[in-house]
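These are my notebook entries on a single structure. I record what I looked up and what each search returned.

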Amino acid sequence: MNLEYVLPADIERRSFEIIESELDREIPPEIKPVVLRVIHTTADFDYPDNLYFSPDVMEIAMQAITKKAVFVTDTNMAKAGINKPALARHGCSCECFMADPDIAETAKQNGSTRAAASVDQAASLGKPVIYAVGNAPTALIRLTELIQQERFRPELVIGVPVGFVNVVQSKELLIASGIPCIVARGRKGGSNVAAAICNALLYLADKKL
């Protein structure tokens with residue numbers, strides 16, 4: 001076994017070199033930063049096939065960051081994974097309402113999930129929102145309901161919940177809604193993927209500063 005000696009500061013760069021050397025296709029340059037970062041996070045080479053990008057979504061994402069969008073996540077794990085200095089460089093912030101006591105109470109009263117109640121909370125912010133869902137398909141379902149009712153229109157939805165129950169269906173509902181979105185079609189995804197996509201967008205925005 002030949003171990004590769006890499007300085008700590010060079011590990012990420014070397015990782016991306018390995019990823020690019022093992023890709024079996026060309027990835028369009030406008031989405032490549034997102035695809036590569038998701039592979040880097042997951043070591044899963046299915047994502048070039050699984051990731052769906054709605055038309056012009058990368059430019060829309062850059063515009064949303066310019067508007068100092070609030071990134072809203074459906075888990076505190078995803079929130080923790082989003083680079084805080086990168087958010088600050090663009091005047092953006094990040095929220096997760098899942099642990100708020102009033103969200104739990106609202107969900108109980110409505111017979112819904114906390115993830116769905118959190119969507120209603122985000123809809124009341126009155127600010128540009130990038131909504132990143134890595135865990136709860138009920139959040140995507142509620143988002144599409146509010147979008148159809150014209151009660152909430154996020155700048156962008158990142159729809160990458162992982163699992164089995166209503167996961168595939170909720171992602172397809174999101175795509176069909178016509179809202180700008182980045183979606184991991186199928187069952188794969190997760191909070192780490194949601195955070196990776198958010199970071200890829202922020203790092204891409206850094207290059208435009």
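I searched the whole structure for aromatic pairs and found zero. I counted rings of Phe, Tyr and Trp (its six-membered ring) as paired if their centres lie within 6.5 Å, with planes under 30 degrees apart stacked, over 60 edge-to-face and the rest tilted.

The model is predicted, so I note the limits: local features need pLDDT of at least 70, side-chain atom pairs count only at pLDDT 80 or more, and totals for chains, interfaces and linings use all residues. Residues are numbered from 1 along each chain as its sequence is written, and side-chain values use heavy atoms, with hydrogens and water left out.

I next looked for a charge over a ring (NZ of Lys or CZ of Arg within 6 Å of the ring centre and within 35 degrees of the ring normal). Arginine 185 lies over the face of tyrosine 52, at 5.1 Å from the ring centre.

How many disulfides does the structure hold? I found zero, taking a disulfide as a pair of cysteine sulfur atoms within 2.5 Å. For cysteine 92, the closest cysteine sulfur is in cysteine 94, and a bond is ruled out because the distance is 9.9 Å. Cysteine 181 is likewise in no disulfide, as the nearest cysteine sulfur, in cysteine 198, is 14 Å away.

I then checked burial (buried is under 20% relative accessible area, exposed over 50%, partly exposed in between, with a 1.4 Å probe and protein chains only). Cysteine 92 has a relative accessible area of 10% and is buried. Cysteine 181, at 1%, is buried too.

I followed cysteine 181 into strand E6 (residues 181–184); helices (H or I, at least four residues) and strands (E, at least two) are DSSP runs, numbered from the N terminus. Cys181 and Val183 point one way from E6, Ile182 and Ala184 point the other way, and all are buried. In a regular strand the side chains alternate between the two faces of the sheet.

Which strands pair with E6? Pairing requires at least two DSSP bridges between two strands. Strand E1 (residues 51–53) is antiparallel to E6, with three bridges, and phenylalanine 53 stands opposite isoleucine 182. Strand E5 (residues 156–159) runs parallel to E6, also with three bridges, and valine 157 has cysteine 181 as its bridge partner.

Last, I looked at asparagine 50, which lies in helix H3 (residues 47–50). Asparagine 50 is buried, at 17% relative accessibility. Leaving aside residues up to four places away in sequence, asparagine 50 touches Val183, Ala184, Arg185 and Lys188, where contact means heavy atoms within 4.5 Å.
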